[in-house]
Amino acid sequence: MATVEASGSDGKEQGVETSVTYYRLEEVAQRNSLKELWLVIHGRVYDVTRFLNEHPGGEEVLLEQAGIDASESFEDVGHSSDAREMLKQYYIGDVHPSDLKPESGSKDPSKNNTCKRDIFNRNVCTSIPGNTHRNVQSSIVQDILPLETTPISVH
(Lines give C-alpha, C1' and ligand atoms only; values in the text may rest on other atoms or scores of the structure.)
Protein backbone atom coordinates (compact mmCIF):
# COMPACT_ATOMS: atom_id res chain seq x y z
CA MET A 1 0.00 0.00 0.00
CA ALA A 2 1.27 3.46 -0.87
CA THR A 3 -0.27 6.84 -0.19
CA VAL A 4 0.41 9.75 -2.50
CA GLU A 5 -0.53 13.33 -1.79
CA ALA A 6 -2.14 15.07 -4.76
CA SER A 7 -3.46 18.56 -5.22
CA GLY A 8 -5.57 20.02 -7.93
CA SER A 9 -9.16 20.48 -8.91
CA ASP A 10 -11.17 17.33 -9.15
CA GLY A 11 -14.46 18.96 -8.29
CA LYS A 12 -13.14 20.07 -4.90
CA GLU A 13 -11.82 23.39 -3.76
CA GLN A 14 -8.57 24.35 -5.49
CA GLY A 15 -5.46 24.06 -3.40
CA VAL A 16 -6.97 21.39 -1.16
CA GLU A 17 -4.67 18.44 -0.80
CA THR A 18 -6.15 14.99 -1.23
CA SER A 19 -4.43 11.70 -0.76
CA VAL A 20 -4.83 8.60 -2.84
CA THR A 21 -3.98 5.23 -1.39
CA TYR A 22 -2.64 2.71 -3.90
CA TYR A 23 -3.01 -1.02 -3.41
CA ARG A 24 -1.13 -3.77 -5.18
CA LEU A 25 -3.27 -6.52 -6.71
CA GLU A 26 -1.52 -9.07 -4.47
CA GLU A 27 -2.84 -7.22 -1.44
CA VAL A 28 -6.38 -7.04 -2.87
CA ALA A 29 -6.25 -10.77 -3.64
CA GLN A 30 -5.72 -11.54 0.05
CA ARG A 31 -9.04 -9.87 0.94
CA ASN A 32 -11.33 -12.59 -0.36
CA SER A 33 -13.43 -13.86 2.54
CA LEU A 34 -16.56 -13.06 4.51
CA LYS A 35 -14.35 -11.36 7.12
CA GLU A 36 -12.75 -8.96 4.64
CA LEU A 37 -13.83 -8.63 1.04
CA TRP A 38 -12.21 -6.25 -1.42
CA LEU A 39 -12.68 -6.03 -5.16
CA VAL A 40 -11.52 -3.85 -8.02
CA ILE A 41 -13.83 -2.03 -10.40
CA HIS A 42 -12.28 0.11 -13.14
CA GLY A 43 -8.95 0.48 -11.35
CA ARG A 44 -10.49 1.49 -8.04
CA VAL A 45 -10.40 -0.66 -4.91
CA TYR A 46 -13.54 -1.14 -2.82
CA ASP A 47 -13.96 -2.74 0.59
CA VAL A 48 -17.47 -4.19 0.34
CA THR A 49 -17.29 -6.31 3.50
CA ARG A 50 -20.06 -4.43 5.28
CA PHE A 51 -22.25 -4.56 2.14
CA LEU A 52 -22.28 -8.38 1.89
CA ASN A 53 -25.61 -8.85 3.68
CA GLU A 54 -27.23 -5.95 1.81
CA HIS A 55 -26.23 -6.86 -1.75
CA PRO A 56 -29.45 -7.46 -3.72
CA GLY A 57 -27.79 -10.24 -5.74
CA GLY A 58 -26.70 -12.07 -2.61
CA GLU A 59 -23.35 -12.41 -0.93
CA GLU A 60 -22.34 -15.33 -3.18
CA VAL A 61 -22.05 -12.97 -6.14
CA LEU A 62 -19.63 -10.75 -4.27
CA LEU A 63 -17.66 -13.72 -2.95
CA GLU A 64 -17.13 -14.93 -6.53
CA GLN A 65 -15.49 -11.58 -7.34
CA ALA A 66 -13.59 -11.22 -4.07
CA GLY A 67 -9.98 -10.16 -4.39
CA ILE A 68 -10.06 -9.73 -8.17
CA ASP A 69 -10.90 -7.22 -10.88
CA ALA A 70 -14.70 -7.35 -11.05
CA SER A 71 -15.10 -4.60 -13.67
CA GLU A 72 -16.44 -6.85 -16.41
CA SER A 73 -18.90 -8.62 -14.11
CA PHE A 74 -20.05 -5.30 -12.65
CA GLU A 75 -20.77 -3.93 -16.12
CA ASP A 76 -22.36 -7.15 -17.41
CA VAL A 77 -25.03 -6.97 -14.71
CA GLY A 78 -25.97 -3.44 -15.75
CA HIS A 79 -25.90 -1.75 -12.36
CA SER A 80 -28.10 1.33 -11.96
CA SER A 81 -26.81 4.85 -11.39
CA ASP A 82 -27.96 4.46 -7.76
CA ALA A 83 -25.74 1.37 -7.39
CA ARG A 84 -22.81 3.26 -8.89
CA GLU A 85 -23.40 6.14 -6.50
CA MET A 86 -23.61 3.73 -3.55
CA LEU A 87 -20.28 2.21 -4.55
CA LYS A 88 -18.52 5.46 -3.65
CA GLN A 89 -18.98 4.85 0.08
CA TYR A 90 -16.93 1.64 -0.18
CA TYR A 91 -14.01 3.21 -2.08
CA ILE A 92 -10.69 2.83 -0.26
CA GLY A 93 -8.10 3.57 -2.95
CA ASP A 94 -6.79 2.87 -6.42
CA VAL A 95 -4.91 -0.04 -7.94
CA HIS A 96 -1.21 0.74 -8.08
CA PRO A 97 -0.40 2.12 -11.56
CA SER A 98 2.13 -0.63 -12.26
CA ASP A 99 -0.63 -3.24 -11.75
CA LEU A 100 -3.13 -1.64 -14.11
CA LYS A 101 -3.87 -3.48 -17.33
CA PRO A 102 -3.47 -1.52 -20.56
CA GLU A 103 -6.74 -0.19 -21.91
CA SER A 104 -8.51 -2.49 -24.33
CA GLY A 105 -9.57 -1.24 -27.73
CA SER A 106 -6.23 -1.54 -29.47
CA LYS A 107 -6.18 -0.04 -32.94
CA ASP A 108 -4.52 -3.18 -34.26
CA PRO A 109 -7.33 -5.75 -34.60
CA SER A 110 -4.92 -8.67 -34.65
CA LYS A 111 -3.99 -7.84 -31.05
CA ASN A 112 -7.60 -8.49 -29.98
CA ASN A 113 -7.77 -12.00 -31.42
CA THR A 114 -7.89 -15.09 -29.31
CA CYS A 115 -6.73 -18.39 -30.71
CA LYS A 116 -7.29 -21.87 -29.40
CA ARG A 117 -7.43 -25.45 -30.56
CA ASP A 118 -10.84 -26.96 -31.35
CA ILE A 119 -11.85 -30.53 -30.65
CA PHE A 120 -10.11 -31.65 -33.85
CA ASN A 121 -6.86 -29.96 -32.75
CA ARG A 122 -7.18 -27.22 -35.39
CA ASN A 123 -6.19 -23.63 -34.71
CA VAL A 124 -9.30 -21.40 -34.57
CA CYS A 125 -8.93 -17.65 -34.09
CA THR A 126 -11.79 -15.30 -33.38
CA SER A 127 -11.88 -11.69 -32.36
CA ILE A 128 -13.02 -10.32 -29.04
CA PRO A 129 -16.68 -9.18 -29.19
CA GLY A 130 -17.01 -5.57 -30.26
CA ASN A 131 -14.10 -5.81 -32.64
CA THR A 132 -15.14 -5.74 -36.29
CA HIS A 133 -12.25 -7.98 -37.34
CA ARG A 134 -13.02 -11.69 -37.43
CA ASN A 135 -10.60 -14.34 -38.57
CA VAL A 136 -11.63 -17.96 -38.43
CA GLN A 137 -8.83 -20.05 -39.86
CA SER A 138 -10.69 -23.31 -39.92
CA SER A 139 -14.36 -24.14 -40.04
CA ILE A 140 -15.82 -27.34 -38.72
CA VAL A 141 -18.77 -26.99 -41.06
CA GLN A 142 -16.50 -26.77 -44.12
CA ASP A 143 -14.61 -29.84 -43.00
CA ILE A 144 -17.65 -31.98 -42.18
CA LEU A 145 -20.39 -31.07 -44.65
CA PRO A 146 -18.76 -32.03 -47.94
CA LEU A 147 -18.63 -35.64 -46.85
CA GLU A 148 -17.81 -38.15 -49.47
CA THR A 149 -19.45 -41.44 -48.77
CA THR A 150 -18.21 -44.77 -49.93
CA PRO A 151 -20.86 -47.37 -50.56
CA ILE A 152 -20.60 -50.30 -48.21
CA SER A 153 -21.49 -53.61 -49.57
CA VAL A 154 -23.05 -56.11 -47.26
CA HIS A 155 -22.34 -59.78 -47.93
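A salt bridge is taken here as a side-chain nitrogen of Lys or Arg within 4 Å of a carboxyl oxygen of Asp or Glu. In this predicted model, the count by that rule comes to six.

Three of the residues involved, E27, R31 and E36, are linked in a network of salt bridges. R31 pairs with E27, where the closest N and O atoms are 3.8 Å apart. R31 also meets E36, with an N to O distance of 3.0 Å. R31 is buried, because its relative accessible area of 17% falls under the 20% limit. E36 has a relative accessibility of 31% and counts as partly exposed.

Another salt bridge joins the side chains of E85 and K88, at 3.1 Å from N to O. E85 is partly exposed, at 49% relative accessibility. K88 is exposed, with a relative accessible area of 54%.

The largest nonpolar core holds 13 residues. Within it, L37, L39, I41, Y46, V48 and L62 touch the most other members. Leaving aside residues up to four places away in sequence, L39 touches V28, R44, V45, Y46, V48, L62, Q65, G67, I68 and A70.

The aromatic pairs number three. In one of them, the ring centres of Y46 and Y91 are 6.0 Å apart and the planes stand at 65°, so the pair is edge-to-face. The pair links distant parts of the chain, 45 residues apart. Y46 sits in strand β4 (residues 44–47), and Y91 in strand β5 (residues 91–95). Y46 is buried, at 6% relative accessibility. Y91 is partly exposed, with a relative accessible area of 27%.

The rings of F51 and Y90 form a tilted pair, because their planes are at 45°, with centres 5.4 Å apart. F51 lies in the loop between β4 and α2 (59–65), and Y90 in the loop between α4 (81–87) and β5, so the pair ties together parts that are 39 residues apart in sequence. Both F51 and Y90 are buried.

Y91 also has a charged neighbour. R44 lies over the face of Y91, at 4.0 Å from the ring centre. R44 is also among the residues that L39 touches.

Notes:
Residues are numbered from 1 along each chain as its sequence is written. This is a predicted model: local features need pLDDT of at least 70, side-chain atom pairs count only at pLDDT 80 or more; totals for chains, interfaces and linings use all residues. Side-chain values use heavy atoms; hydrogens and water are left out. A nonpolar core is a set of buried Ala, Val, Leu, Ile, Met, Phe, Trp, Tyr and Cys residues joined through side-chain atoms within 4.5 Å. Buried means under 20% relative accessible area, exposed over 50%, partly exposed in between (1.4 Å probe, protein chains only). Contact means heavy atoms within 4.5 Å. Rings of Phe, Tyr and Trp (its six-membered ring) pair if their centres lie within 6.5 Å; planes under 30 degrees apart count as stacked, over 60 as edge-to-face and the rest as tilted. Helices (H or I, at least four residues) and strands (E, at least two) are DSSP runs, numbered from the N terminus. A charge sits over a ring if NZ of Lys or CZ of Arg is within 6 Å of the ring centre and within 35 degrees of the ring normal.
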